[in-house]
Amino acid sequence: MRTTRWQRWSGLLFIAPWLITFLWFTLGPFIASIFLSFTNYRFIGLPEWVGADNYVRLFTDDAKFIRSIINTLYYTAVHVPGIMVMAFFVAILLNQKVKGQPIYRTAFYLPSVTAGVATAYLWILLLQPNGLVNQFLGLVGIDGPNWLTSSTWAMPALILMSFWGLGTTMIIYLAALQGIPQHLYEAASVDGAGVIRKMWHVTVPMMTPAIFLTAVLQIIGSWQVFTQALIVTNGGPRDSTLFILLHLYRTGFEYFQMGYASAIAWVLFVIILVFTVLQFGIARRWVYYEGASER
Amino acid sequence: MRHTVVGRAHTAGTSAASGLGAPLGGSLESPQTALSGKPITVRSTSVRVLRALTRTLTYLVLLGGSVMFAIPFVYMVRWSFMTTGQVYDPDLFWPFPMAWENYTYVWANHPVPWWLLNSSVVTFIGVVAGTFSSCVVAYGFARLDFPGNRVLFIVLLSTMMLPLHVTIIPIVIIFRELNWLDTLWPLIVPGLGGGAFSIFVLRQFFMTIPIELDEAARTDGASRIGILFRVILPLSKPAIATVAALSFIANWNEFFLPLIVLNSPERITLPVGLRYFAAGQYTEQLHTFQMAVAMIAVMPIIVVFFFAQRQFVRGITLTGIKG
């Protein structure tokens with residue numbers, strides 16, 4: 001097929017809408033934020049070059065920043081495995097031939113779609129000392145804490161709330177489960193494998209791409225927790241739910257220290273990058289891609 | 001002969017009891033039965049009991065879990081229809097008569113109509129223009145051989161890993177220079193060129209459409225734009241619907257950016273507006289009003305979700321998570 005020079009280059013016109021907005025609102029700001037992170041800029045006047053001062057201050061003289069990193073690690077360590085295990089469990093159950101499957105699926109999936117400011121306010125009410133959560137705990141004989149005013153329990157409260165949003169992860173698992181070829185189970189049965197062994201030697205290996213995907217998404221998501229932390233606890237009590245993004249927001253848009261906030265943004269970016277690269281590195285050891293050897 | 005029968009019975013037993021991973025029983029037995037030519041009737045009582053038990057437990061957990069996941073919504077509705085005095089009445093589950101005046105009050109006395117309008121404008125343009133652009137761009141990446149196609153596609157993929165938060169400060173400075181602060185432009189313009197995720201999903205889908213169809217259309221004299229509109233898009237309706245549905249949710253729920261760029265009470269969107277009712281978190285009156293506004297914010301999502309449920313679920317498979 002013959003294509004003229006013009007025809008080749010004019011293909012760029014098709015991707016121009018994305019390319020323009022990418023250059024304007026992504027690449028440009030991305031480069032600008034590197035520069036800003038080495039300056040002192042207060043939204044008025046000109047940025048003043050301060051070298052690496054912002055980064056030095058972050059790691060040596062900003063207890064709140066260190067606290068926000070620790071808080072996020074705490075959240076990640078409980079939220080990510082927790083939500084993955086629960087979503088996996090629900091997906092396995094939903095994948096049975098159960099009557100009314102669409103109804104259950106909707107019930108589990110809907111909260112993850114509506115997640116936002118409205119449901120954050122709802123959870124403030126549910127987490128009150130005499131609220132629904134504690135009433136429920138009372139049924140099994142547990143005297144629930146005052147979640148939102150306790151620096152010990154505020155983070156568990158946010159994590160509990162995050163489990164309500166397991167729907168996205170669950171749907172990914174459900175799709176992956178339905179993609180497992182039936183003949184693998186048949187072959188395993190012929191070999192005399194029981195429930196547990198089929199689970200461990202067929203289901204889990206075939207699910208590793210989905211498990212990997214959700215792990216990446218959930219870990220990246222944990223570093224971007226913002227709405228819940230701002231609305232439900234506003235970072236408190238005593239900074240116990242101060243997430244890195246909330247710290248960035250306050251620094252940049254409440255104290256208008258925009259150079260310093262850019263430094264926070266860059267540390268956040270590097271953290272996300274490192275976690276993602278690390279995961280892709282580890283993935284080679286345990287993720288099974290069907291037909292990968294043929295490629 | 002005897003040996004094989006024992007083997008089969010065992011197989012049937014495990015598959016019946018499985019319940020994990022595989023759909024319960026059924027399909028595993030039929031091929032075996034077909035091979036032996038005789039239906040298998042050997043099944044011990046313990047297996048049947050175990051099977052019944054697994055099924056009962058499955059239903060119990062699913063039912064209990066569904067109720068737990070749905071109850072917060074019930075509480076939201078319930079509170080939105082309560083009067084001041086009813087909120088902390090432990091004996092009252094559902095208010096009669098329902099206090100519709102919560103809705104009429106917030107509608108009349110707060111800029112709720114403005115918030116709804118602003119959210120609707122941003123979401124409508126975001127979904128329609130964003131999805132349209134995503135289609136055009138995805139077609140470019142999927143079908144056209146321009147210089148830098150592969151490199152730019154990798155760039156597009158890597159932007160999915162770059163959250164808006166990292167670049168938010170220069171972005172806000174850009175909006176200030178454009179005099180766009182406290183207007184809806186910052187929420188509209190960046191999305192006009194299509195979203196990285198939408199483009200990615202659509203591009204993957206377009207790649208599955210046989211190229212022969214393009215070539216046939218070209219022989220008939222169709223231009224590249226003609227191929228896009230008459231061949232690719234009509235075949236991609238499910239993928240487009242999925243992208244549009246996900247884009248609706250993302251636009252409607254967007255909070256971080258409007259929180260930063262919008263200020264005036266009548267210029268904010270619904271999620272930001274909800275914060276207006278947070279001032280006195282611990283007075284009942286505000287609770288009921290707040291839940292009424294929360295309902296107004298959540299209802300459109302629920303409606304869209306019920307109409308487009310298949311699209312949401314299909315979206316997951318479309319992204320090609322199998323690698």
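Predicted model: local features only at pLDDT ≥ 70, side-chain atom pairs only at ≥ 80, totals over all residues.

**Chain B, overall**

I started with the contacts inside chain B: among those between residues at least 6 apart in sequence, 75% join residues at least 24 apart. I then looked up the secondary structure of chain B and found 16 helices and zero strands. I also checked burial, and 37% of the 323 residues of chain B count as buried.

**How confident is the predictor?**

For chain B the mean pLDDT is 80, with 81% of its residues at 70 or more. For the complex, I noted an ipTM of 0.88 and a pTM of 0.84 from the predictor.

**Chain A, for reference**

My list for chain A has 13 helices and two strands. Of its 295 residues, 44% count as buried. I took the extent of the C-alpha trace of chain A along its principal axes as well, and it spans about 75 × 75 × 35 Å. For contacts in chain A with a separation of 6 or more, residues 24 or more positions apart account for 70%.

**Where the chains touch**

I looked at the contact between the chains, which takes 80 residues from chain B and 80 residues from chain A. Which helix of chain B gives the most to the side that touches chain A? I found that α3 (residues 45-80) does, with 13 residues. I sorted the residues on that side of chain B by type and got 53 nonpolar, 25 polar and two charged.

**The core and B:A294**

I went to the largest nonpolar core, which has 151 residues. A:Y173 and B:A294 touch the most other members of that core. I picked B:A294 and listed what it touches, leaving out residues up to four places away in sequence: A:A118, A:Y121, A:L122, B:M76 and B:L274.

**B:H287**

I found B:H287 in helix α15 (residues 284-307) of chain B. Is B:H287 buried or exposed? I counted 24 C-beta neighbours inside 10 Å, so B:H287 counts as buried. Beyond residues up to four places away in sequence, B:H287 touches A:L125, B:W79 and B:V87. I also took the distance from B:H287 to B:T159: they are 40 Å apart in space, C-alpha to C-alpha, and 128 residues apart in sequence.

**Helix α11 of chain B**

I finished with α11 (residues 224-235) of chain B, a helix of 12 residues. From first C-alpha to last I got 16 Å, close to the 16 Å expected at 1.5 Å a residue. I wrote down its buried residues as B:I227, B:L228, B:V231 and B:I232. I then checked what covers the buried residues of α11(B), and the cover includes α5 (112-143), α9 (196-207) and α10 (211-219) of chain B.

Technical notes
Residues numbered from 1 in each chain as written. Chains lettered and ligands numbered in written order. Helix = DSSP H or I, 4+ residues; strand = E, 2+ residues; numbered from the N terminus. Expected span 1.5 Å × (residues − 1). Buried ≥ 20, exposed ≤ 12 C-beta atoms within 10 Å, placed from the backbone. Contact = placed C-beta atoms within 7 Å. Nonpolar A, V, L, I, M, F, W, Y, C, P; charged D, E, K, R; others polar. Core = buried A, V, L, I, M, F, W, Y, C linked by C-beta atoms within 7 Å. pLDDT = per-residue confidence, 0-100.
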